[in-house]
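Please read it alongside the sequence and the structure shown below.

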Amino acid sequence: MTIIDWISGALGVFGGFFVLVGGIGALRMPDVYTRLHASSLTDTLGSLCILGALMLQAGLSLATLKLAAILIFLLFTSPVSSYALGNAALLSGYEPRQLRTLEREKRP
Amino acid sequence: MNAFLDAFNYWVFAVLLMIGFYAVMARHNLIKKLLGLSVFQAAVFLLFISMGKVDGGTAPIILGDNWDAVFSNPLPQVLILTAIVVGISTLALGLAIVVRIKEAYGRISDIDAPKVKSGADTPS
Amino acid sequence: MSVTAHLPALQVVVPMLTAPVLVLLRDARLCWIAALLTSATSFAIAVALAAGVLDGMDIRYAMGNWAAPYGIELRVDALSAILLLATTGASTLALLGGRRSLLREIGDARLPLFLAAWLLALAGLVGILVSGDAFNIFVFMEISSLATYILVSGGPHRRALPAVFKYLITGTVGATFYLIGVGLLYMMTGTLNIEDMAARLGDVGASDLLYIAIGFIAIGLALKAAIYPLHAWMPNAYTFAPHMVTVFIAACSTKVSLYVLLRMDYAVFQHNLPEQGLHFALILMPLASLGIVFGSLAAIFEQNIKRILALSSVAQLGYILLGASLVSAAGINASALHLFNHALAKGALFLAVACLGYRFAKLRLEDLRGAGRLMPWTLTAFALAGLSLIGIPGTAGFVSKWALILALMEQGALGVALVVLVVVSSLMAVVYIGRIVETLWFAEPPGEDPTVKEAPVMLLAVTWLAVALNFWFGFDASTSGALAIQAATDLTGSAP
Amino acid sequence: MMIGAAVAIAVTMFLALLRALMGPSVYDRVLAVNMFGTKTVLLLSVVAHIAGRSDYLDLALAYALINFIGVLAVLEFFRLRKVQQTKEAPPGEAVGAADEVDERPIPGEGGS
Amino acid sequence: MTGILSGFILSLAVLTALGAMRARNLFASVMLMGIFSLLMAAEFLLLDAPDVALTEAAVGAGISTVLLLSALALTGEEEKPQPRPPWIGLAAVIIVTAIVFYAVKDKPMLGDPNTPVQTHVAAEYFPMTREFVDIPNVVTAVLASFRGYDTLGEVIVVLTAAIGVLFLIGPEAPVGRKSPPTLRQASEGLKHHQPVRIVGKIAIPFILLFALYVQFHGEYSPGGGFQAGALFAAAIILYGLLEGRPAAASIIPTRILRIMAAGGALIYGGVGVVTLVLGGNFLEYTVLNDDPVVAQQFGIIVIEAGVGITVAGVLLAIYHAFAARGET
């Protein structure tokens, strides 16, 4: 195993870990905004790690170019989608959970 | 058990076929029927593509002029490409009809039901 | 190569490629002329192909010049020639007579799209008829189905929409069942060409999987062919379609599915499985008999003229199926004849209904009381076409019913019982046709409506032409008879 | 290592699917679909690597594009629906209408 | 490894389909169907069918989601509870299922290379493609040449769908009396979402470029006219989502879309007519050039272009028809 393989392997493991954390977060968090938080952050980081690992494995080739294209596209669109989704939820009157629970506690 | 796993794709074909067919037959909502039809057709796609798979084979796109490798069967793939297109065409036409039904009747379920029940059809 | 060699391809390609041109042309009148000319060309090609079949030619065409199991092969035999004539003929007559009726029901603006769909339905139907490839049949089945949904949805009443939706669901489920069956057959034989399939299925032998494939294909096509009891979609689709569309699809669309069923069963399955003929008969004969009885019975108690005729089609399809389910050369002969003659009779009847529909908004019997006095030519045509449907000697309907009765008589005691059934059902046809004629002719009109007069000349002329054809093929059945005999010989291997 | 990553991605797909099945609000479902799409892209990339076929990466790229368009289509749908609701409801109730974005809880719709 | 992954994906697919059919909210169903399509596409890839996977993703997850959402916006998304269980439907389903399960029992095992499916017709396509067509993507060779007539039929099916949608809900179609008189203003898109707008607009040229790549690289890699047409349409739809449907219609007016839809089919059919005139059979590309292999490749490129143009035109025409319905 060369050093590149080591780095790539480590990146793969990290990526898998982040992706998994994001998944658990999206499942376990209490409301839309926190779920969005968990998934969008780890999405970006996980994609970066995994695609980076694959690029290292592929070396200098057309495959790396394609992987780079995918990575760049994901890096741009993923946060934007998350932002827009959160924005749409908020605009539609869907309040973050904390406010709602607080209000509920105010009422008898 | 092994035999079960070997034929797993075909079991899934049967299950998906059943799910889709049930939705088509039993759901009253017209859009749900169309969704059921999509699942129903997807099951058939799975059947065809599964039968073309060869163990240890790869996609029938030759890499680097290596014509002697083991390839999966291209013919079912060609058939299913056509079938997918047919499926989306049917879906589009079906949705257009549903939109017109909504405009003409004000609802998209139980169109054939007697008039008496139309009171229960308004959104609650 | 001469043009003649390319006729099978041209039969499909001419209407199929004119349709996109109609989408581009936006003038209703121009579109109508183009559609009519195309349909007439198709009819001419069909006549040429039928003449070739009668000359004993084996008509085949390799698409793209790829040999049969690798490429798609077209082939025309006697049975497909009969239906080619009926389909292209019905389309041409309906277009010829139906311009004003279509303009009224569809409107100027949408007519180009509608006529494009019409030609696509025609291309789909003839595409099924000339194809020799099981999957290719599926593709053209979908073209014809989608186009037919469009045609039916053009009906003026809003109830056309749920009717066409039901048609769409049933049609798609039927086509998908057929596709599953073809997939299973492909799994066993590795080929999609029908003849190659027949040749290779012998090595595979009978298995549960094969019977299930047969079942899927049969149920799928029975759904599309509206075989009793799977006909639920059909009466409403026919009733609420534009009148001219009813003429076109009632004459041929369900019959084409039936053709595929016969073709697959006789050419592929019975060829290889000795008991398949028996199974075919055991399952289809009761269904055919039930269809004959219930179709006619339901027609008697119906009020709307178009529904009456639609339900009568269920019974008439029963006759065709009954002949086929005898699994004898004489039976197929009768079926093939009736495929053609019923198309003639139903076409003429629905043309007459279209005449009525041009002057009356509602086609319930009570709305039409005394209509015959205002439109005597129309009603006379209706009554004469009705005679052909009933099967009075001298009409085309009689020729095929007589052939059916002869075929049934070959079968011994069971056959005699079935003959009784056919006669009873014909008497029921007398009742429902008689009831229409009586109401329209003898009942007192509800009030004088000055707008009601005879139908447009062109439509009336075409109706009378169709009626005349019914009598022509009643007196001189040599052409249709020769084709039917050859179809029976092709399918069963022995002359009737 | 890449196999480990593939397993992690597959498990995450399952978790995202659970979120899509459970809802409860429409936004949760969209979130889950978006997440699922990204995970599919990653999974395809890994599969392309394992199968040694770089032409599969075209598919991954196409999935990424389609996923993005899908999410935007959903947002546009929300916007249209909001416009429609405010139009149909009298002005005073507009705010209440917006609250209906929460789906009514459906018993037994937990999935899995 | 792929076996386990494939089993896992299929299990998820069943779960998703069940969820989609059970959900009472149609929007939820549509979302789940999007996931279902992605899963099926991934499974197709694992079964060595990248062309099918690409199409399923573009069609199932992309185009049909857009169409379903447009239809939902016009029809409402709550499904009414059903009063009684439909016994006939249930009985029919149980019978069919029993039969299908019975059939599955006998099927040849997955991946066996010695079944008739692998040995009869399909095996010959590889040497034939190598000799007569000489392009690496055998799927494209079979699709466009050996079974080119089927593909012509497929193009016609797509065109039929467009004709149907335009006939039913196009600009000239009647509007039912039960629809609210003014449903909404013409869509203004996601103009207020500034970040989305910027990123989306940057993405559009790249999507178009990718569509061209898929179109013209289809002989060498997964893809072809249909997938390219769908991606092209997706790019324009993206523009419509960002800037409003009228903006998208001003780039490619609906009149042009009609011409594209019909013209692509005519290009495909025209190739067939030209081969007839040159003395070959219908769609026999070999007569197009002195060198038969070059002629085949040329024919395939032209008809794939026809497919791409028709599909793009049709999908966009359908999108406009749905989105414009109900605009004031």
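## Chains B and E

The model is a predicted one, and among its 7 pairs of chains that touch, chains B and E have the most contacts.

- Between them, chain B and chain E bury about 8,100 Å², of which 75% is on carbon and sulfur atoms.
- Salt bridges between chain B and chain E come to a count of 2, and the side chains of B:E103 and E:R325 meet in a salt bridge with an N to O distance of 2.7 Å.

**Chain A and its neighbours**

- The contact of chain A with chain D draws on 44 residues from chain A and 44 residues from chain D, and about 3,600 Å² is buried between these two chains, 76% of it on carbon and sulfur atoms.
- Across the interface of chain A and chain D there are 3 salt bridges; the side chains of D:K39 and A:D43 meet in a salt bridge at 2.2 Å, taken from N to O.
- Chain A and chain B, on the other hand, are joined by no contact, and their closest C-alpha atoms lie 14 Å apart.
- Chain A and chain C are likewise without a contact, with their closest C-alpha atoms 35 Å apart.

**Aromatic pairs**

- Over all chains, the structure holds 29 aromatic pairs. B:F21 and B:F40 form one that is stacked, with 5.5 Å from centre to centre and 25 degrees between the planes.
- This pair links distant parts of chain B, since B:F21 belongs to helix α2 (residues 8–26) and B:F40 to helix α3 (residues 30–52), 19 residues apart.
- B:F21 counts as buried because its relative accessibility is 7%, which is under 20%, and B:F40 counts as buried at 1% relative accessibility.
- D:F77 and E:F27 also form a stacked aromatic pair, at 5.4 Å centre to centre and with 5 degrees between the planes.
- D:F77 lies in helix α3 (residues 56–88) of chain D, whereas E:F27 lies in helix α2 (residues 26–46) of chain E, and therefore the pair joins two chains.
- A cluster linked by ring pairs takes in C:W66 and C:Y70 of chain C together with E:Y125, E:F132 and E:F146 of chain E.

**Charges over rings**

- The charged end of C:R110 sits over the ring of E:F167, at a distance of 4.1 Å from the centre of that ring.
- C:R158 lies over the face of B:Y105, and the distance from the ring centre is 4.0 Å.

**Cysteines**

- A disulfide is a covalent bond between the sulfur atoms of two cysteines. With a cut-off of 2.5 Å between cysteine sulfur atoms, the count over all chains comes to 0 disulfides.
- A:C49 counts as buried, because its relative accessibility of 9% is under 20%.
- C:C31 is also buried, with a relative accessible area of 0%.

Terms used:
Residues are numbered from 1 along each chain as its sequence is written. Chains are lettered from A and ligands numbered from 1 in the order in which they are written. This is a predicted model: local features need pLDDT of at least 70, side-chain atom pairs count only at pLDDT 80 or more; totals for chains, interfaces and linings use all residues. Side-chain values use heavy atoms; hydrogens and water are left out. Rings of Phe, Tyr and Trp (its six-membered ring) pair if their centres lie within 6.5 Å; planes under 30 degrees apart count as stacked, over 60 as edge-to-face and the rest as tilted. Helices (H or I, at least four residues) and strands (E, at least two) are DSSP runs, numbered from the N terminus. Buried means under 20% relative accessible area, exposed over 50%, partly exposed in between (1.4 Å probe, protein chains only). A charge sits over a ring if NZ of Lys or CZ of Arg is within 6 Å of the ring centre and within 35 degrees of the ring normal. Buried area is the accessible area (1.4 Å probe) that two parts lose on being put together, summed over both. A salt bridge is a side-chain nitrogen of Lys or Arg within 4 Å of a carboxyl oxygen of Asp or Glu. Contact means heavy atoms within 4.5 Å.
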